[in-house]
Structures are given as C-alpha cells and as structure tokens.
Amino acid sequence: MMTLKKLTTFLVLFVFMSFTQVYGNNKGQLKIIYQTLVNGEISDRGGNTIVVAGTEASRSFSENPGVELIPQTPEETSYIDFKEELTYQVADLFDGRRIYAQTPFSEYPALEETSEKEEILGYTCKKVKGSLRSNSIEIWYTAELNAKGTPLMSHGIVDGLILKVVRNGNYGLVATNIEEIKNRDAEPIFPENLGEKTDAPLYRHLLTSSFITTVEVFDDEQISWGNPIENPDGIQLEKTYKYAGGTIIAKKVKLPEVTSDYLVFAELEQYSNGDAYDRTGTVFIIPENKEISFFDALENGVETVPAFQAANGKSYHGTIATPDFAPAVELVRFFTPFGVNHFNEQVQVYGQEWEEKAYYKQDISDLLPLFKGEVWIGVFIGNYDKGGHKVSLDLKYYPGSRVVREKENEKESWIYPLFNTLNIMEMAGQEYGTMFKNDSLKIAFEVPEGVENLTLRYISTGHGGWGGGDEFNQKLNEIFIDDQFVDSYIPWNANCGAYRKYNPSSGNFWNGVTSSDYSRSGWCPGEATNPVFIPLKNLKPGKHVMKIAIPIGEWQGNSFSHWNISGVLIGEK
C-alpha cells in the first residue's frame with residue numbers, strides 16, 4: 001500500500017519528468033536556419049529566422065548578424081508545446097518586463113492536405129495550404145526528421161517540421177541549413193520563467209507601445225475666458241502658462257532627440273466644459289531662432305512684435321516673418337464641435353448617441369526639424385466662456401526603422417515659417433485676418449544657397465458665420481511668388497455631416513439639417529483641417545516675395561469675414 005509520503009514523492013517525480021520531457025529535454029534537438037524567400041529567390045533582407053526543434057517542443061527567434069537595432073526593440077521568442085497543443089509568444093521589453101501570450105492550436109489557420117510533394121535539403125516534404133486574413137498560405141513540412149517546429153506560427157502548425165512557408169505565392173521563408181545540436185551544447189527549449197501572462201491583443205499592444213515615445217504636453221487642461229490667472233514665476237520647464245484671458249495655454253517642454261526617419265503625431269482630445277459653440281483652435285509651436293518670437297507677444301503684448309501693414313490701414317501684428325521675427329507655426333488646426341460632453345444630457349435627438357469628447361490625430365512629421373531641445377508648445381481655443389473647454393495633448397514618436405541610423409548620413413531639412421494670420425491672441429487684441437480686401441498678404445523671404453525641392457505647407461480656412469459670410473461660400477485662394485502665379489485652390493469641406501455625433505448643441509433646422517452638417521470653407525465642427533502641400537521645385541536661392549490673394553466677402557452691418565491662413569516653407573539642404 002502506498003503511503004502519503006510515497007504518493008507525494010511519486011507525483012513530484014512524475015510532474016518533474018513530464019516537464020523535463022516537454023520543456024527541458026536536451027536530446028535530439030535540431031537547429032534550422034531560414035532565410036527570406038521573394039518570388040522564388042532567396043534574399044538576404046530581413047536577417048535569419050532560427051528554429052530549435054525537438055520531438056515535442058520548439059523555439060523560434062530572429063537573428064540579424066551585424067545589424068544594430070534601436071534599444072527599445074523587444075527581444076521576442078516563440079515557443080510551441082506540441083504535447084499540450086499550445087503556443088507561447090514571449091517578449092523581453094525595453095523596460096525590463098517579460099510578458100507572454102498563450103494560444104491554443106485551434107486558433108491558428110486550418111490547413112488542408114494536398115497531394116503535392118517537394119524535396120527540401122534532401123527531405124521529402126508534403127504540402128498543405130490555407131488562408132490567413134485573405135492571404136493564401138502554402139506550407140511544406142517533413143515527417144522524416146524526429147523533430148517538430150515552424151518559423152511562422154501565425155501561418156499554421158502541423159505535426160512535423162516545416163521547411164518552407166509561402167504567402168500569396170511570392171513571399172515567405174525557406175530552410176537553408178539543418179544541423180544537429182550536440183547534447184553538451186543543447187539547452188532546454190522552454191525557459192524557466194515565461195513572464196507575466198497577457199492575452200494576445202494586450203501582448204501585441206505592449207510590443208508596439210515599447211517602440212513609441214510619448215511626450216505628454218497637456219493633461220485635461222482648461223482653456224477658458226475670464227478666470228483668475230497665476231502663471232509660474234520666470235520660465236520653468238513642464239509648467240503650464242496661460243495667456244489672453246486664459247484662451248491660450250503654453251508649456252515649455254523638452255523633446256526627445258530622434259533621427260529624421262521618425263514619424264511624429266499630435267494627438268489632441270477636447271470636450272466642452274461650458275461653451276456650447278464651435279470654435280477655432282490651433283496647436284502651435286513657437287520658433288525661437290530669431291531675435292523676436294511669438295513668445296514675446298504672449299509675455300509683453302501682441303503690439304511688441306512686427307506687423308503686416310495692410311492697405312486698409314490696419315496693423316496685423318505677429319502674422320508674417322521678418323528678418324528678426326518668426327510667427328507661431330501651426331502643428332494642428334482644429335475646430336471644436338458644438339458642446340460635446342457638457343451638453344450631451346441637455347440635448348436629446350432621436351436615434352443619436354453623443355460622443356464624450358472630440359479626438360484629433362494628425363501626422364506632423366514634416367515639421368520634425370522644429371522639435372529640438374526645449375520648445376514652447378501651445379493650444380488656443382477662441383471663446384468667451386468661464387467654463388470653456390478641456391484639452392489633453394500628446395506628441396507621439398514612432399521610429400521609421402528598427403535599425404539604428406547613422407546621424408552623419410542624415411539628410412537635413414530646411415524649415416522657414418512664413419505667415420500665420422490665425423489670431424491666436426484674439427482675446428488680447430490681435431486682429432482677425434481681414435487684410436485681403438483689395439489687397440494681398442505679402443511676405444518677403446530669402447532662400448539660402450544649397451536649399452532645394454521646396455514645398456509650401458499651407459493651411460487655409462474661411463470664416464464669417466452667416467449666409468453671406470466666407471464660412472459658407474467658396475473662395476479661391478491664389479498664391480504668387482515674385483508676381484508669378486504658382487497655384488490656387490478652393491478650401492472646401494463637404495463631409496461635415498459625418499461629425500454629427502460630436503455636436504449635441506448644434507442648431508437643428510426645420511428641414512432636418514443641423515448647423516454642424518453644413519459644408520464650410522476648409523473645416524468642419526469636430527474636425528482637424530489637413531494642410532495642403534504646394535510644390536515649389538523651381539524656386540531658386542535668393543530673395544523673393546510671396547503673395548496670397550483671397551476675394552474676401554463684404555461686411556454686412558457688424559458682421560465680417562476673415563481668413564485664417566498659415567504657411568511654412570520646407571526644403572532640403
């Protein structure tokens with residue numbers, strides 16, 4: 001009769017032996033090297049995939065000899081337990097964590113046997129086929145080796161050793177070498193510690209997130225009018241400053257140093273904290289490479305910075321570049337919807353569910369050269385409401401390659417802020433963009449020697465919110481350089497109805513149309529306006545004058561139209 005002590009000893013030995021058989025048995029291991037296959041030809045690109053295969057378990061990972069990867073690249077390994085019919089994806093993250101996701105065989109693509117065979121590295125392989133998200137999959141595997149494994153778990157798992165995988169007939173992996181691992185050199189296929197368990201979606205999210213660098217600029221900050229303002233003393237990093245009655249928030253932030261292949265996105269969230277109307281907003285950066293910057297206007301008043309003198313006799317301060325002044329550069333032009341969040345419960349429309357906030361995400365990578373060191377970044381929303389709006393802003397950096405790039409091989413960009421008529425300091429007396437009546441906005445500038453392939457990054461939206469105003473009437477924007485016509489277009493957005501769910505306090509008319517549905521001059525309530533990129537490839541180094549002409553509408557009583565346009569020259573040097 002077996003005693004409790006003997007039974008316990010037996011169970012411990014049984015569990016240990018079972019674990020060793022599947023996870024720790026070093027005998028009979030093979031090392032298979034796979035290379036990329038493109039249109040039937042072996043390619044050197046992508047490095048190698050290595051599979052260590054045993055009788056009941058395998059491990060696979062990538063190798064890139066001689067290639068230096070960026071430090072945040074996760075070290076990822078895939079494991080297969082053929083006995084339990086489970087796979088494990090394991091990753092060591094840049095922050096020191098190890099995570100894994102477990103998946104049963106049943107969740108991988110089903111594979112269908114065919115009668116086709118092929119010899120690979122001297123072994124007869126059977127062909128199976130399947131489909132993965134509308135991609136055709138072909139797999140060749142052999143049962144002649146006492147080992148099982150695959151270089152691509154996601155494409156399907158078979159009861160054998162896969163030596164070739166092809167997707168859509170033109171891309172895949174093929175085994176180019178098989179060698180036996182000597183017992184003295186073999187290691188357990190499975191690690192002792194798999195790490196922190198996650199589900200598959202979270203696993204992929206944590207992997208991709210490890211590549212992203214996030215700069216949190218503002219977190220649920222209020223932009224309003226008429227509340228007390230107490231700014232920090234002096235100039236301090238990572239502190240929020242408010243200007244123009246609280247309608248501007250600004251912060252000096254330290255930005256990461258990255259290579260030119262990075263993508264940078266601005267992500268902005270906004271919701272009403274009391275204001276019911278659609279408002280003009282902008283996310284902007286303040287260049288400080290000249291003697292005077294837009295920060296001087298914020299600190300000392302807009303009249304302290306240079307102005308464009310228009311034919312109508314007005315001075316439009318802070319709108320155009322001069323030899324000693326650079327205007328603020330728009331990262332994102334956005335428009336708040338009518339009252340999202342704050343008015344969701346007050347306004348009920350049959351069949352309509354309101355969103356909690358507006359979300360704007362825009363690629364600003366073309367302005368990357370401005371994101372160096374410590375910079376001022378601000379957000380403006382024009383409003384006269386004490387509750388106003390709440391915003392959160394992140395800048396997210398995404399590497400363009402896993403491979404480290406040499407900085408001496410970097411191609412430099414040249415950026416020159418030209419103009420910005422959006423009156424960011426509206427509530428501190430900055431003029432609206434009304435200078436176009438019988439006039440053009442004129443900007444003198446100089447292109448340095450060696451700068452070429454120039455492009456104008458141009459944003460334009462028309463305003464004047466009544467029937468005859470430029471908000472609701474199409475107006476041609478024309479661009480001239482040195483009195484020569486360059487380009488023209490009509491800013492017009494006809495998709496505003498798609499943003500209805502963000503606009504609870506938008507006016508509803510007798511015919512079923514709501515105010516937020518109407519087409520507008522380059523914008524919609526709840527949307528960010530896309531820049532237009534105008535090629536200026538024939539523009540040569542030297543001094544030039546750019547003119548922007550817009551046939552602005554007439555005043556009607558106290559109502560007037562205005563245009564918010566901004567432009568940045570981008571070139572290569």
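**View 1. Burial of Lys127 in the predicted model.** Lys127 has 7% relative accessibility and therefore counts as buried, in a structure that is a predicted model. The cut-off for burial is under 20%. Lys127 sits in strand E9, which spans residues 123–132.

**View 2. Polar partner of Lys127.** Which side chain makes a polar contact with the side chain of Lys127? The partner is Glu138, at 2.7 Å.

**View 3. Contacts around Lys127.** Residues up to four places away in sequence are left out of this list. Lys127 touches Glu112, Glu113, Thr114 and Glu116, among others. Glu138, Ile139 and Trp140 are also touched by Lys127.

**View 4. Cys125, a buried cysteine.** Is Cys125 buried or exposed? Cys125 counts as buried because its relative accessibility is 0%.

**View 5. The disulfide of Cys496 and Cys524.** The model has one disulfide. Cys496 is joined to Cys524, with an S to S distance of 2.1 Å. The cut-off for such a pair is within 2.5 Å. Distant parts of the chain are linked by the pair, 28 residues apart. Cys496 and Cys524 both lie in the loop between strand E31 (484–489) and strand E32 (528–529). Both Cys496 and Cys524 are buried.

**View 6. Handedness at the S-S bond of Cys496 and Cys524.** The torsion about this bond is about -80°, so the disulfide is left-handed. A disulfide is a covalent bond between the sulfur atoms of two cysteines.

Key: Residues are numbered from 1 along each chain as its sequence is written. This is a predicted model: local features need pLDDT of at least 70, side-chain atom pairs count only at pLDDT 80 or more; totals for chains, interfaces and linings use all residues. Side-chain values use heavy atoms; hydrogens and water are left out. Helices (H or I, at least four residues) and strands (E, at least two) are DSSP runs, numbered from the N terminus. Buried means under 20% relative accessible area, exposed over 50%, partly exposed in between (1.4 Å probe, protein chains only). A polar contact is a pair of N or O atoms within 3.5 Å; within protein, one must be able to donate a hydrogen and the other to accept it, and residues adjacent in sequence count only if both atoms are side-chain atoms. Contact means heavy atoms within 4.5 Å.
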